[in-house]
Amino acid sequence: MDQSSQKSGRESSAISPVSPTTVRKLDLRGLRCPMPLLKTKLALKTLAPNEMLEVTADDAGTRKDFPAFMRLSHFDLIEMRVEGECFIYHIIHEQAQVAQPTTESSLPND
C-alpha cells in the first residue's frame, strides 16, 4: 500500500469524465472503527461529481474498510497512501476523472 495508487475494481463508465476542481478534506484522526467509515459515508453523500474527498485517518482498520465499501458504492478510491502513522485516501465519484484540484475546502469533524 505504501505510496501506491489503487483503483476500485470497477470498469470506467462511458459517461464523459469530469475533472475534480475542489478537494474537500476530512480529518478523522483519533477516531476508531466504525466511526471513520461512518463519517466518510456521510461526507460522500454531499460530494459533488466535480469534488474529491481527501480523508486522513489513523485507524488501521480503514485499510480494509475503505476499499471494501468503495467496491459497493458509486465512488472510486483513486489513491491510498501512508504518511507516518496516517492513512490518506482520495475518493471521487465513479464518473469523475482525476485532475489537478484548484481549490480546497474543509469539512468539520462533527
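The exercises below work through a predicted model of one protein chain.

Residues are numbered from 1 along each chain as its sequence is written. Because the model is predicted, local features need pLDDT of at least 70 and side-chain atom pairs count only at pLDDT 80 or more, while totals for chains, interfaces and linings use all residues; side-chain values use heavy atoms, without hydrogens and water.

**Exercise 1. Determine which residues of helix 2 are buried and what they pack against.**

Solution. Buried means under 20% relative accessible area, exposed over 50%, and partly exposed in between (1.4 Å probe, protein chains only).
- Step 1: in helix 2 (residues 62–71), Thr-62, Phe-66, Pro-67, Phe-69 and Met-70 are buried.
- Step 2: these residues cover an arc of only 165 degrees around the axis, so they lie on the same side of helix 2. The arc is taken from the directions from the helix axis to the C-beta atoms.
- Step 3: Lys-64 and Arg-71, on the other side of helix 2, are exposed.
- Step 4: the buried residues pack against helix 1 (35–45), strand 2 (51–57), strand 3 (75–83) and strand 4 (86–93).

**Exercise 2. Describe the surroundings of Glu-54.**

Solution. 
- Step 1: Glu-54 is in strand 2. Its relative accessibility is 15%, so Glu-54 counts as buried.
- Step 2: contact means heavy atoms within 4.5 Å. Leaving out residues up to four places away in sequence, Glu-54 touches Val-23, Arg-24, Lys-25, Leu-26, Ile-88, Tyr-89 and His-90.
- Step 3: the side chains of Glu-54 and His-90 are joined by a polar contact of 2.8 Å. A polar contact is a pair of N or O atoms within 3.5 Å; within protein, one must be able to donate a hydrogen and the other to accept it, and residues adjacent in sequence count only if both atoms are side-chain atoms.

**Exercise 3. Identify the residues that touch the most other members of the largest nonpolar core.**

Solution. A nonpolar core is a set of buried Ala, Val, Leu, Ile, Met, Phe, Trp, Tyr and Cys residues joined through side-chain atoms within 4.5 Å.
- Step 1: the largest core has 19 residues, of which Leu-44, Leu-53, Val-55, Met-70, Tyr-89 and Ile-91 touch the most other members.
- Step 2: at least two core residues come from each of helix 1, strand 2, helix 2, strand 3 and strand 4. Strand 3 gives the most, with four residues.
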